[in-house]
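This report describes one protein chain for a reader who is new to structural terms. Please keep the sequence and the model in view while reading.

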Amino acid sequence: MKKLILFTIMALFLSSCTAVKFESPQPSTAPSISEFPSKMHGIFVSNNEDTLFIEKNYFRYSGGTEVGVDGDLSKPQTVLKKMNSSYILNLYDKDNWNVFPFKASRNKIVTHCANLTSESEQLIVEVQESRPVREITSEDGKFEYYLLAPTDKEFRQLLRKNLFSEKKIFKRLK
């Protein structure tokens, strides 16, 4: 029962943050990382007092009393990958993956998520020129999210062109 409540909360949080989901963890050919690097271990807080707690294999995000997301890298529903100087956290949600790029230093973690803006919608149109993009709707026909299956090269381009534009900055608690 506890897991069902957690996944419901996670789905609500993730759907409010990301309007783009992926068919597989990204970047697709990069190997998974089994542990968070030690520089990320600790407690971090954002300006609006959201908290991020990271241990060796586990993280917990808390955004007030209503939003909580956690993940365990030893479980297949949470996949961490590295691409250049960024880390990519992939969280499984129903049939698809939510993707959260972030950068980490010893005292700060900057997370990103995909919100729909006119610029990000233009990126989706560009992706559609080379690869099918599915538009997922709810039972009542309302748009929910885009579903992508990019190559690693296309994913890097989406990162570089700021598909993941919304960001939250967490600073280490002393």
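## Overview of the chain

The chain contains 3 helices and 13 strands; here helices (H or I, at least four residues) and strands (E, at least two) are DSSP runs, numbered from the N terminus. This is a predicted model, in which local features need pLDDT of at least 70 and side-chain atom pairs count only at pLDDT 80 or more, while totals for chains, interfaces and linings use all residues. Residues are numbered from 1 along each chain as its sequence is written, and side-chain values use heavy atoms, with hydrogens and water left out.

Of the 174 residues, 43% count as buried; buried means under 20% relative accessible area, exposed over 50%, and partly exposed in between (1.4 Å probe, protein chains only). Among contacts (heavy atoms within 4.5 Å) with a separation of 6 or more, 59% are between residues 24 or more positions apart.

Strand 4 (residues 51-54) and strand 5 run antiparallel and are joined by 4 bridges; two strands pair if DSSP finds at least two bridges between them. These two strands form a hairpin with 3 residues between them. Within this pairing, Thr51 stands opposite Ser62 in strand 5.

Strand 5 also pairs with strand 6 (residues 68-72), in the antiparallel sense and over 5 bridges. Here Phe59 stands opposite Gly71 in strand 6.

## The two faces of strand 5

In a regular strand the side chains alternate between the two faces of the sheet. Strand 5 (residues 58-62) has a covered face with Phe59 and Tyr61, and an uncovered face with Tyr58, Arg60 and Ser62.

Phe53 lies in strand 4. This residue counts as partly exposed because its relative accessibility is 30%.

## Glu154 in helix 3

Glu154 belongs to helix 3 (residues 152-160). The residue counts as buried because its relative accessibility is 14%.

The side chain of Glu154 makes a polar contact with the side chain of Ser130 (3.1 Å). A polar contact is a pair of N or O atoms within 3.5 Å; within protein, one must be able to donate a hydrogen and the other to accept it, and residues adjacent in sequence count only if both atoms are side-chain atoms. Apart from neighbours within four places in sequence, Glu154 is in contact with Ser130 and Arg131.
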